[in-house]
Amino acid sequence: MAGSRRIGASVGLAPFLVYVTLFLFIPTIVVAIGAVTVDGRFTLEGITALKEPTMLEITYRTLLLAASTAVIGAMVGGLVAYVVSTAKPNGILRKSVASLSGVLAQFGGVTLAFAFIATVGREGVVSLWLKNHDIVDFTTSGWLFTLKGLVLVYTYFQVPLMVIVFLPALDGIRPQWREAADNLGATTAQYWRHVGLPLVFPAFLGSMLLLFANAFAAYATAAALVSQGSPILPLQIRKALQSEVVLGYQNLGYSIALEMVVIVSVVMYAYSRLERRTSGWLR
């Protein structure tokens, strides 16, 4: 009987393993090989190119974009998740915010870029309204298509994602813990300082790391907004694959992709460690 269950579990897991192999393991191996080979010969020129000032600047901007949107998204989304966690479990507020967060977290790409261009772009509805009322003139500025604009747009889907991933940790705080603290004479501030925050802080950091990885690897929205130049690594990969490259740097796109895989892998490993720590008291 036990053997039949193991076989059944293995068969059920097979489609997932095939999916992961085809779309994760094999592409990662192809990227790793392509980063150190050109026309079948071993070379580290692509890896070395990552140390050049231009590439270091692009890497810094990508890290800054991912980190800033992760922090903003975690702070705002964490507050929204806290408010939702205090609402009635089956109330309209919780259901509405949870449903809306699920939709907005997946709202990206060309659609999201167009929405922001139509709203706060040079000829956007809000931009024209602000100009006509002599508040501020955004119609002569291209800030939306720079790193500042990407921070605003990325934050749009980072906040709802934080609500989704952080809300279970807040729901895991048992009312009995608060009642016990009240019975011992603890104030609300003391409860959160000595009980609540130490419990949810690992989950908060883990959620922030997940937001960082999400923004670090995002491509479609930035590609739709930034038509010229490559301010972040995903767009630099596009440039390396679509444009003419300097002799000896044919595998630069693979090298950048490998760099991103390594960074995201480190971040996700840290996330898994924090998630494991949190899951201990969520059971």
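Colleague: In which helix do Arg-61 and Glu-57 both lie?
Modeller: Helices are DSSP runs of H or I with at least four residues, strands are runs of E with at least two, and both are numbered from the N terminus. Arg-61 and Glu-57 are four residues apart, about one turn of the helix. The element that holds both is helix 3 (residues 53–85).

Colleague: At what pLDDT do side-chain atom pairs count in this predicted model?
Modeller: Residues are numbered from 1 along each chain as its sequence is written, and side-chain values use heavy atoms, with hydrogens and water left out. As the model is predicted, local features need pLDDT of at least 70, totals for chains, interfaces and linings use all residues, and side-chain atom pairs count only at pLDDT 80 or more.

Colleague: How far apart are the closest N and O atoms of Arg-61 and Glu-57?
Modeller: A salt bridge requires a side-chain nitrogen of Lys or Arg within 4 Å of a carboxyl oxygen of Asp or Glu. The whole structure contains three salt bridges. Arg-61 and Glu-57 form one of them, with a closest N to O distance of 3.4 Å.

Colleague: Are Arg-61 and Glu-57 buried, partly exposed or exposed?
Modeller: Buried means under 20% relative accessible area and exposed over 50%, with partly exposed in between (1.4 Å probe, protein chains only). Arg-61 has a relative accessibility of 22%, and Glu-57 has a relative accessible area of 37%. Both values fall in the intermediate class, so each residue is partly exposed.

Colleague: How many residues apart in sequence are the parts tied together by Arg-94 and Asp-171?
Modeller: The side chains of Arg-94 and Asp-171 meet in a salt bridge at 2.3 Å, N to O. Arg-94 belongs to helix 4 (residues 92–104) and Asp-171 to helix 7, so the pair ties together parts whose separation in sequence is 77 residues.

Colleague: Which helix contains both Asp-182 and Arg-178?
Modeller: Asp-182 and Arg-178 form a salt bridge with the closest N and O atoms 3.5 Å apart. Asp-182 is partly exposed at 40%, and Arg-178 is partly exposed at 25%. The two residues, four apart and about one turn from each other, lie in helix 8 (residues 175–183).

Colleague: Is the ring pair of Tyr-19 and Phe-23 stacked, edge-to-face or tilted?
Modeller: Rings of Phe, Tyr and Trp (its six-membered ring) pair if their centres lie within 6.5 Å; planes under 30 degrees apart are stacked, those over 60 are edge-to-face and the rest are tilted. Eight aromatic pairs are found in the whole structure. The centres of Tyr-19 and Phe-23 are 5.1 Å apart and their planes stand at 40 degrees, so this pair is tilted.

Colleague: Are Tyr-154 and Phe-157 buried or exposed?
Modeller: Tyr-19 and Phe-23 are both exposed. The rings of Tyr-154 and Phe-157 have their centres 5.3 Å apart and their planes at 40 degrees, so this pair is tilted. Tyr-154 and Phe-157 are three residues apart in helix 7 (residues 147–171), and both are buried.

Colleague: Which helix gives the most to the nonpolar patch?
Modeller: Six of its residues come from helix 1.

Colleague: What is the phi of Asp-39?
Modeller: Most residues other than glycine have a negative phi. Asp-39 is found in the loop between strand 1 (37–38) and strand 2 (41–42), and it is exposed, with a relative accessible area of 76%. Its phi is positive, near 55 degrees.
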